[in-house]
Amino acid sequence: MNNILSLLENYTLDNINDIAMSMADDFRKRRIEKNLTRKQVAEMSGVAVANIVRFEQKGLISLKNLIGIAMAMKYTSEVKNIFSEPKYSTMEELTQIRKNAGKTRAHKQ
């Protein structure tokens, strides 16, 4: 049942703040699972403890700090590959993606 609820939650997060807090909650869970304190993660990542606290409590963090704590927690590839694969929901989008493959700039349509 928890797996089903977890799957449903992933599809209903459509607001920036909810997604940020979900990421922060997941980070906190992974940190605790590894038995790491905020101070230890700060030392490993070079991110100030205050920034880690702010992330866990409010979901606020800079991209560089997020990358830093992800790397410290061994989630480098997950962050590095966030935009690595094209996403599409229609055949028209897929066609456009294939048409634009290799381009270096987007143009107004």
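Axes here are lines fitted to C-alpha atoms, for helices over the stretch in contact, with angles running from 0 to 180 degrees between N-to-C directions. You're looking at a predicted model, where local features need pLDDT of at least 70, side-chain atom pairs count only at pLDDT 80 or more, and totals for chains, interfaces and linings use all residues. Numbering starts from 1 along each chain as its sequence is written, and side-chain values use heavy atoms, with hydrogens and water left out.

Next, select α3 (residues 38-45) and α4 (residues 49-58). Their axes come within 9 Å and cross at roughly 120°. That makes α3 oblique to α4 (under 35 degrees is roughly parallel, over 145 roughly antiparallel, 65 to 115 roughly perpendicular, the rest oblique).

Now show side chains. On α3, pick Arg 38, Lys 39, Val 41 and Ala 42; they meet Val 49, Ile 52, Val 53, Glu 56 and Gln 57 of α4 (contact is heavy atoms within 4.5 Å).

Move on to α5 (residues 63-72). Which of its residues are buried? Colour Asn 65, Leu 66, Gly 68, Ile 69, Ala 70 and Ala 72; buried is under 20% relative accessible area, exposed over 50%, partly exposed in between (1.4 Å probe, protein chains only). Bring back α2 (16-33), α3, α4 and α6 (76-80), which are among what covers those buried residues.

Last stop: Lys 74, which follows α5 and has a positive phi, near 70°.

Terms used:
Helices (H or I, at least four residues) and strands (E, at least two) are DSSP runs, numbered from the N terminus.
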